Amino acid sequence: MNSIDPGSIDTLSAIIESFDPASVIVFTGGASYTTSGAASVVDRALTSRSATYIRNIAPNPDLDTVNEAIARYRSAEPELVVAVGGGSTIDLAKVVNAVAPRSQDARAYILGERPFDGAGAPLVAIPTTSGTGSEATRYAVITVDGEKVPVGDDALLPAHVILDPQLSYSLPPHVTAATGLDALAQAMESMWSVRSDAESIGTASRALQLAVDNIEAVVNR
């Protein structure tokens, strides 16, 4: 399920109510959690719930970060996961949520040595940047022994996505530029993919045109 459009962050309270969790774990990035306006909405929506926060997630999470988060997750026993931030924040939440109910050590899952067996708690992904597309895919990237390792499984898919463009309005211009170019590059890669089809090419073409037409304007706004 998805909530898309400016202001759709305000649907979070109803989404949480629909799952009615006793315990929630929230993954957040750095300053963007507050400056985007997401913090006030998320915190207000969780006032009557037991909430655990994993804050200030750094870019490119590594295996140690994953295992530390797994320990927090297992202690909290969440019935719902909320991830608010860029691709690294959402990637970490996806992997931790898929691994933590099964193991305290993520290495074997990340390296593909053990299969995932179903999803963890429902995950609500709320991106505050454009570009990574982590909220829309079954993939995440984790750094293991200095190397970025892609992890892919349906267990990583969010249950709900809130895609509110207003959450990106407070980004510094250089981050807006970088994440916008990331979106443009991923649209190009989708069009070139050997697995592309008419539908994916059409969507990628639309994304490419939107990026070309708007990146300069939003960076210089």
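The largest nonpolar core of this predicted model holds 34 residues, and Phe27, Val96 and Ile110 have the most contacts inside it. A nonpolar core is here a set of buried Ala, Val, Leu, Ile, Met, Phe, Trp, Tyr and Cys residues joined through side-chain atoms within 4.5 Å. Buried means under 20% relative accessible area, exposed means over 50%, and partly exposed lies in between (1.4 Å probe, protein chains only). At least two residues of this core come from each of strands S2 (23-28), S4 (80-85), S5 (123-127), S6 (139-144) and S7 (147-152), and from each of helices H4 (63-76), H5 (87-99) and H6 (107-110). H5 gives the largest share, seven residues. Helices (H or I, at least four residues) and strands (E, at least two) are DSSP runs numbered from the N terminus.

Phe27 touches residues including Ile54, Ile57, Ala69, Val81, Val82, Ala83 and Val84. Its partners also include Thr89, Leu92, Ala93 and Val96. Residues up to four places away in sequence are not counted, and contact means heavy atoms within 4.5 Å. A second, separate core has 21 residues, among them Val24, Ala39, Ala45 and Ile162.

The model is predicted: local features need pLDDT of at least 70, side-chain atom pairs count only at pLDDT 80 or more, and totals for chains, interfaces and linings use all residues. Residues are numbered from 1 along each chain as its sequence is written, and side-chain values use heavy atoms, with hydrogens and water left out.

The secondary structure of the protein comprises eight helices and eight strands. The radius of gyration is 17 Å, close to the 17 Å that the globule rule gives for 221 residues, so the protein is as compact as a globular protein of that length. This radius is taken over C-alpha atoms, and the rule is 2.2 Å times the number of residues to the power 0.38. Along the principal axes, the C-alpha atoms fill a box of roughly 45 × 40 × 30 Å. Of the 221 residues, 44% are buried. Among contacts between residues at least 6 apart in sequence, 78% join residues at least 24 apart.

The accessible surface comes to about 11,100 Å², and carbon and sulfur atoms account for 52% of that surface. Areas follow the Shrake-Rupley method with a 1.4 Å probe; for residues, only the protein chains shown count as cover. The protein carries 14 positive and 26 negative side chains, with the centres of the two sets 3 Å apart. Lys and Arg count as positive and Asp and Glu as negative, while His and the chain ends are not counted. Each charge is placed at NZ of Lys, CZ of Arg, CG of Asp or CD of Glu.

Glu77 sits in the loop between H4 and S4. Glu77 is exposed, at 62% relative accessible area. Its phi is near 50°, a positive value in a residue other than glycine. Glu77 and Pro122 are 45 residues apart along the chain, with their C-alpha atoms separated by 12 Å. Asp145 lies in the loop between S6 and S7. Asp145 is exposed, at 63% relative accessible area, and its phi is near 50°, a positive value in a non-glycine residue.

Asp105 is found in the loop between H5 and H6. Asp105 is partly exposed, at 42% relative accessible area. Beyond its neighbours within four places in sequence, Asp105 contacts Asn67 and Val99.
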